[in-house]
Amino acid sequence: MKTNVAEAFSGETQLPIKSEEELRILEEAYCSHGDTVHYTAKPKFFEECEGSFVYDRTGTPFLDLQMWYSAVNFGYRNERLNNAAHRQLDRLPQVASQYLHREKVELAAMIAQDAERKFGHKGRVHFNVGGSQAVEDSLKLVRNYTGGKSLMFAFEGGYHGRTLGASAITSSYRYRRRYGHFGDRAQFVEFPYHFRGPKGMSKEEYGHYCVQKFARLFESEYNGVWDPKAGKSEYAAFYIEPIQGTGGYVIPPMNFFVELKKVLDEHGILLVVDEIQMGVYRTGKLWSIEHFGVSPDILVFGKAITNGLNPLSGVWAREEMINPTIFPPGSTHSTFASNPMGTAVALEAMKMLEEEDFGTAIMAKGAYFLDGLKQLQKRHAIVGEVDGLGLALRMEICKDDSYTPDKATMDWLCDEGMKGDLQVGAKMYGLVLDVGGYHKNVITFAPNLLITREEIDLALSLLDQLLTRAARR
């Protein structure tokens, strides 16, 4: 049965606004289910958003603790960034990438100059439209620079996208299974996931252990990756997420990447850092790799650089890898790469970041949120581990032994949060959570970086209610 339908007008044509029931019928008939939806039977429809909240048709606020997979770092409908998009829309919304526009040049210069100060290398910035596409561009850079080497190292638990090339360096076989043989599939290396690592080791000891395990691949030619006579590796680069995203926001020990980089440098292997999910101050710094004391050869970014307003991604690479004599015009191309709408918003975001001390504020909020999660861990046996860096936080959901992964309860918590029936005071709320982790039992928290203390308290209260319900079901 049709619900009461409002009327919308476009010119002189009367267009009825369809009910959610009617939309679901159309969606079931005409929409692909392959574009990252339908993890639940009936995905939620949302109508509006503001700050840390999204709203359904009834006006119920849903506190969003994943912010579009960390794409909307500065809150929904951020006034300053929205205004930048409107200004660009009214002035120069479109131009072919064979021509130049001011925003592209200024944005590239800001990112490259910042990287030179931090990493000690001159470099250039190359734009595209999505994270996977930027990863593909980085693979071209690596293969071109290393004389066509096509083999890469990557981490177990790592995620770099679902295009064909990105799937080859993403550890999950399920993203490759239907699409034939991947001859260039990466060799996947153990990541120091301390909560599920060998018992009896400190976090730092486990990090050292993982590096030494990797280094043993180069001890002789019989490990299959190194020719000691020629001093050459068959592998071109190591792709890393400094903090694993889809893998469950796993945060490595601080000694890990310094030790790993020494092994890579000794054997002529490039370090490619994927900052698509953790970049743009998610961890309290522009790039999460800054916490770990190493300099990348290539850095890939996307998502939050435009606050999710317009697709824009990119690659920063050292000058010797990307200068026009090495990587000439047309080496990659997308019609919408460096589009004016995206570069204008990203430029405004970078200016905004330079004007305020985002890092200090984010680290303080993150510490406050993490302390609240630790209090929940004490009260709820199903919380196995909590951890975080800045406002990249994790909560591992387990059986009552606080260790055995419990995916079923994790899925239930997500669905229960979407009912919109959690009460604080006289008001009803929903809670938007995201699932990650090796066993799909981790809540990965990526809240609005501008989240208030009051909203963090609200988040902790709503989580407490959900965890209590889970224990009673």
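**Entry 1: Met-67**

I started at Met-67, which has its place in helix H2, residues 67–70. I was working with a predicted model. I looked up the backbone angle and found a positive phi of about 45°, although Met-67 is not a glycine. Most residues other than glycine have a negative phi. Then I asked: is Met-67 buried or exposed? Met-67 is buried, with a relative accessible area of 0%.

**Entry 2: Tyr-249**

I looked up Tyr-249 next. Tyr-249 sits in the loop between S11 and H8. Its phi is positive too, at about 55°, and Tyr-249 is not a glycine either. The relative accessible area of Tyr-249 is 2%. I noted this residue as buried, because buried means under 20%.

**Entry 3: helix H7**

I turned to helix H7, residues 203–215. How far apart are the end C-alpha atoms of H7? I found 19 Å. At 1.5 Å a residue, the 13 residues should span 18 Å, so the two values agree.

I then listed the buried residues of H7: Tyr-206, Gly-207, Cys-210, Val-211, Phe-214 and Ala-215.

**Entry 4: Leu-347**

I moved on to helix H10, residues 340–355, where Leu-347 lies. Leu-347 counts as buried, at 4% relative accessibility. Which residues does Leu-347 touch, leaving out those up to four places away in sequence? My list reads Arg-102, Glu-103, Glu-106, Leu-107 and Met-110. I also checked Leu-347 against Arg-174. The two are 173 residues apart in sequence and 37 Å apart in space, C-alpha to C-alpha.

**Entry 5: the whole chain**

I stepped back to the protein chain as a whole. I counted 13 helices and 20 strands. The radius of gyration is 23 Å, close to the 23 Å that the globule rule gives for 473 residues, so the chain is as compact as a globular protein of that length. Along its principal axes, the C-alpha trace spans about 75 × 60 × 45 Å.

I looked up burial next: 52% of the 473 residues are buried. The chain exposes about 21,800 Å², and carbon and sulfur atoms supply 52% of that area. For contacts between residues at least 6 apart in sequence, I found that 70% join residues at least 24 apart.

Last, I checked the charges. There are 53 positive and 61 negative ones, and their mean positions are 2 Å apart.

Terms used: Residues numbered from 1 in each chain as written. Predicted model: local features only at pLDDT ≥ 70, side-chain atom pairs only at ≥ 80, totals over all residues. Heavy atoms only, no water. Helix = DSSP H or I, 4+ residues; strand = E, 2+ residues; numbered from the N terminus. Rg over C-alpha atoms; globule rule 2.2 N^0.38 Å. Buried < 20%, exposed > 50% of the residue type's maximum accessible area, 1.4 Å probe, protein only. Contact = heavy atoms within 4.5 Å. Areas by Shrake-Rupley, 256 points an atom, 1.4 Å probe, with all protein chains shown as cover. Lys, Arg positive; Asp, Glu negative; His and termini not counted. Charge placed at Lys NZ, Arg CZ, Asp CG, Glu CD. Expected span 1.5 Å × (residues − 1).
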